[in-house]
Amino acid sequence: MTGDRRGFFLKQQSFWTSVRQSLSSFFSRDTVPPEYRELVRTDIARANRTRTLLAAAGLFLIELSNLFDSMMMNSYEGALRHFINTASIIGMALSLLTFVLLIVFINRSRDNIKLEERTVQLFWWIGWIFAATFLMINISGNGDMRNIFFIPLIYAVIPLFSWRQIVPMLVFFITSVVVMVLYFDKNQQFIQLSIVMSLLCLLVTQLLYTSQVRSYSFFHQSQDKTDQLDAMVRKLDELSKTDQLTRLPNRRALDAFLEVVWDHCYQHGVPMMVLILDIDFFKSYNDKFGHLCGDDSLIAIAQALRGASVGVTDYVGRFGGEEFMVISDHMSIEDTETFAEKLRTCVSDLKLETARKDVSEYVTISIGAHIEIPAPGRSIPDLIQAADKLLYTAKEAGRNRAVVDYEKSRL
């Protein structure tokens, strides 16, 4: 029996703990991560701005309808009719004035969220004053309870207010009803109904506000995640096209750029240049100094080639192993010869120690460059093969030189 009681109390404690946690989450401001609170606050302010402008226009139409109903339909008589007509005219004027002022203040406070929030709240407080006027008419006149239903529901559904913002308004609403009932000695059901509707308004307001806040928060978080994912995709794409040792474009990037330049030159009938260079005796260099020193020399030569290829259309990358490629367009034969000699000299000027002192004092390169205007029957592999043959021609001629050729029939 003792065990059953203990189990019962533990279940009760667990139930009330879950209720307390739910209520705490429901009324808590900490449901939004700190880094998104200002963004969510701005979103709520913008939503309230739109909703409030629509409400101001709606209030004008309601007052116009009340005036028409009073004057044309004879719904009220005597002093009450005169009072309603006057109140409707004043309400129309004030709602129109409020609408204009809202537009002015909101446009001026677009960069000031706090001022915008206060402007919106001011409008809804003015709305409560209108509501109190109509409540007084209902309670003192025919005892109509419709406004006690509608007014809290309007405040629950239209503006996005937290419970801290809506509670003072509901207290004002209940207090107004209590004072009117006691003053006019009316049925106290008005008070009970106002309390019930205020609690319902508070519940609905908080539900809508909380769901909207979480929705905005989720949107910004998902947007950040999407941006991060896009950045990662771009980074991975960049890494997939970058040689990790020399940080130059790799073979994949060179192939993609070759297609772009080929298409451009084919369409416009301009010459295209492909230059392939190879480090002389690089295998011997690795065998003598080690692969780490070989890597260092590759990095130094890559930086030198990048510095020498400063043209707008020059594109230098690592073709594979100790081979590099440069792609360009709009280059004449003379320009290509000058450019190739510039590349050869910039590598020699590094004065990297060579493994073959019997051939040269420093590390050198051999270059093969081919120029042609793309035409039907020709392809990118043909262009690369032509440049590669010229490279081997340079090596067979003694290395440390550049050989440039062109397709005569297309230049």
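This text walks through the structure, from the whole chain to single residues.

Start with the whole chain. The model is predicted. The chain has 12 helices and 5 strands. How many of its 411 residues count as buried? The share is 39%. The chain exposes about 23200 Å². Carbon and sulfur atoms supply 60% of that area. Now look at the contacts between residues with a separation of 6 or more. Of these, 74% are between residues 24 or more positions apart.

Next, find helix α12. This helix covers residues 380–396, which makes 17 residues. From its first C-alpha to its last, α12 reaches 25 Å. That is close to the 24 Å expected at 1.5 Å a residue. Which residues of α12 are buried? Among them are Ile 380, Leu 383, Ile 384, Ala 386 and Ala 387. Further along, Leu 390, Leu 391, Ala 394 and Lys 395 are buried as well. What covers the buried residues of α12? The cover includes one helix, α8 (251–268). It also includes the strands β1 (272–279), β2 (315–320), β3 (323–329), β4 and β5 (402–406). After α12 comes Gly 398. The phi of Gly 398 is positive, near 125 degrees.

Now turn to Thr 364. This residue sits in the loop between α11 (333–348) and β4 (365–372). Is Thr 364 buried or exposed? Thr 364 counts as buried, because its relative accessibility is 8% and the cut-off for buried is under 20%. Its side chain makes a polar contact of 2.6 Å with the side chain of Asp 280. Leave aside residues up to four places away in sequence. Thr 364 then touches Asp 278, Ile 279, Asp 280, Ser 348 and Asn 400.

Helix α11 holds another threonine, Thr 345. Thr 345 is partly exposed, with a relative accessible area of 30%.

Charged side chains come next. Side chains of opposite charge can pair when their charged atoms come close. A search of the whole structure finds 11 salt bridges. One of them joins Asp 237 and Lys 241, with the closest N and O atoms 3.8 Å apart. Asp 237 is partly exposed, at 34% relative accessibility. Lys 241 is partly exposed too, with a relative accessible area of 30%.

A second salt bridge links Arg 318 and Asp 243, at 3.2 Å from N to O. Arg 318 lies in strand β2, while Asp 243 lies in the loop between α7 and α8, so the pair ties together parts that are 75 residues apart in sequence. Are these two residues buried or exposed? Arg 318 is buried, with a relative accessible area of 14%. Asp 243 is buried, and its relative accessible area is also 14%.

Elsewhere, salt bridges that share partners join Asp 278, Asp 280, Lys 395 and Arg 399 into one network. Some of these names have come up before. Asp 278 and Asp 280 are among the residues that Thr 364 touches. Lys 395 is one of the buried residues of α12.

Two helices, α5 (146–157) and α7 (189–240), each supply at least two residues of the patch. Helix α5 gives the most, with 4 residues. Phe 150 lies in α5. This residue is partly exposed, with a relative accessible area of 48%.

Definitions and conventions:
Residues are numbered from 1 along each chain as its sequence is written. This is a predicted model: local features need pLDDT of at least 70, side-chain atom pairs count only at pLDDT 80 or more; totals for chains, interfaces and linings use all residues. Side-chain values use heavy atoms; hydrogens and water are left out. Buried means under 20% relative accessible area, exposed over 50%, partly exposed in between (1.4 Å probe, protein chains only). A polar contact is a pair of N or O atoms within 3.5 Å; within protein, one must be able to donate a hydrogen and the other to accept it, and residues adjacent in sequence count only if both atoms are side-chain atoms. Contact means heavy atoms within 4.5 Å. The expected span of a helix is 1.5 Å times one less than its number of residues. Accessible areas come from the Shrake-Rupley method with a 1.4 Å probe; for residues, only the protein chains shown count as cover. A salt bridge is a side-chain nitrogen of Lys or Arg within 4 Å of a carboxyl oxygen of Asp or Glu.
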